[in-house]
Amino acid sequence: MPAPLESLQVIDRLVVGPVRVEPQRLVAPYRICRDGQEHLIDLIYRWEEAVFDPKCPASRNLASMIAVQVALNYGLFCRTLEFHGPFDRFDRRFLLSMAANTAREIYVKKFLEPNPFLIGNPAELRAEKRDSYLLADLVFTEPEPLKLEPWDASPSRVAILSSGGKESILCCGLLDELGQEVHPVFVNESGRHWLTALNAYRHFNGSVSNTARVWTNSDRVFAWMLRRMPFIRQDFMKVRADEYPVRLWTVAVFLFGALPLARKRGIGRIVIGDEHDTTVRMQHQRITHYNGLYDQSRFFDRALSRYYRAKGWGIVQFSPLRQLSE
C-alpha cells in the first residue's frame with residue numbers, strides 16, 4: 001500500500017531564532033529536535049553596509065522575517081515550526097499562507113512526480129485531495145510587537161534582484177534608460193550558485209554606483225536539512241539534476257535579504273528578473289497547483305506587494321518583462 005502523507009513528518013520540531021541582530025549581520029539558529037536529540041546550525045546573512053539598528057524593533061522584526069524564509073520549505077516534514085521573534089499579525093498571516101502554499105507545491109512536484117533524489121516509501125506516495133497539505137503547526141513564541149513605523153519609499157528608486165541572468169540585466173538597462181534610480185542587488189550564496197553571478201556582479205560593482213551584495217549561507221542550511229531526511233539520497237550532491245531535492249520556496253530567501261537595503265535606501269519598487277516568468281495554474285489528479293513556479297509568477301508578486309502594503313513599507317514588486325515573455 002502507498003505510504004500516507006504523514007510518513008513525511010520525520011522532524012518533531014524545527015526551531016528558528018531568536019535572531020542575533022548586528023548592524024551588518026544577522027545570525028539565526030536553526031535547531032532540529034527529533035527522537036530526543038537536537039541538531040544545530042546558524043543561518044547567517046551579511047551586508048556590506050550597516051542596515052540594522054540592533055535596538056530598533058523594526059530591525060528585529062525584519063531580521064526575524066528574513067530568518068524564517070528557509071524554514072517555509074519544511075511544513076511537510078515537521079510536526080511543529082517554532083518561530084522566535086517579534087512577528088505581527090501581517091507577518092503571521094503571510095507566513096502561514098506561504099507555508100501552506102509551499103507544502104502543496106512540494107507535495108505535488110517533489111513526491112507525486114518523478115524525483116531522482118527520493119528513496120524508500122515516500123517515493124511511492126499516493127495522491128490525496130486535501131484542503132491543506134501543511135502538516136506542521138506554526139508556533140510563534142513572542143507576543144505581537146506594537147505598531148511599527150512605516151518606511152519612507154520612493155517609486156523612482158528600484159531594487160533589482162540580480163543574479164547575472166539576462167532578465168535582471170535587461171530590466172536594469174531598461175529602467176536606467178527610463179530615468180529610474182536602479183539598485184542592482186546580488187545575493188551571494190556561499191556555494192557554487194554564486195559563480196554564475198560573479199562576473200555580472202564584478203561588472204556592475206565597477207560601473208553602477210548603487211550595486212549591493214548580500215552574503216548568506218542559506219545553501220549550507222538547505223544541505224544540512226537534507227542530511228537529516230531519511231527519504232533523501234545521502235549522495236544528493238552527486239546527482240546531476242536541474243532541480244532541488246525538495247525545496248521550492250527559494251526566491252523569497254534572496255528577496256527578503258534585499259529588503260534591509262530597500263528600507264535603508266528608501267526604495268519603493270522591487271523588480272525580479274525570473275528564470276521562467278510564468279503565471280500558470282495546473283491540476284495533478286484533481287490537486288490544483290502552480291507547477292512549482294509560484295515564486296516566479298504574478299501571483300507571487302501580488303502577494304508580496306499586498307504584504308508590503310499591509311506592513312506600511314510602500315513597496316510594489318513586479319517584473320517589467322512578464323507581459324512580453326509569458
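**Note on a pocket and a helix pair**

1. By class, the residues lining the second largest pocket comprise 10 nonpolar, two polar and six charged. Here Ala, Val, Leu, Ile, Met, Phe, Trp, Tyr, Cys and Pro count as nonpolar, Asp, Glu, Lys and Arg as charged, and the others, Gly among them, as polar.

2. The model is predicted: local features need pLDDT of at least 70 and side-chain atom pairs pLDDT 80 or more, while totals for chains, interfaces and linings use all residues. Residues are numbered from 1 along each chain as its sequence is written, and side-chain values use heavy atoms, without hydrogens and water.

3. Helix H1 (57–68), helix H2 (89–112) and H7 each supply at least two residues of the lining of this second largest pocket; H1 gives the largest share, three residues. Helices are DSSP runs (H or I, at least four residues), numbered from the N terminus.

4. Helix H7 (residues 298–311) also packs with helix H6 (residues 251–265), at an angle of about 35° and with axes 13 Å apart. Axes are lines fitted to C-alpha atoms over the stretch in contact, and angles run from 0 to 180 degrees between N-to-C directions.

5. In this packing, Val 251, Ala 252, Leu 255, Phe 256 and Leu 259 of H6 meet Phe 300, Leu 304, Tyr 307 and Tyr 308 of H7 (contact: heavy atoms within 4.5 Å). The residues of the contact are nine nonpolar, with no polar and no charged ones.
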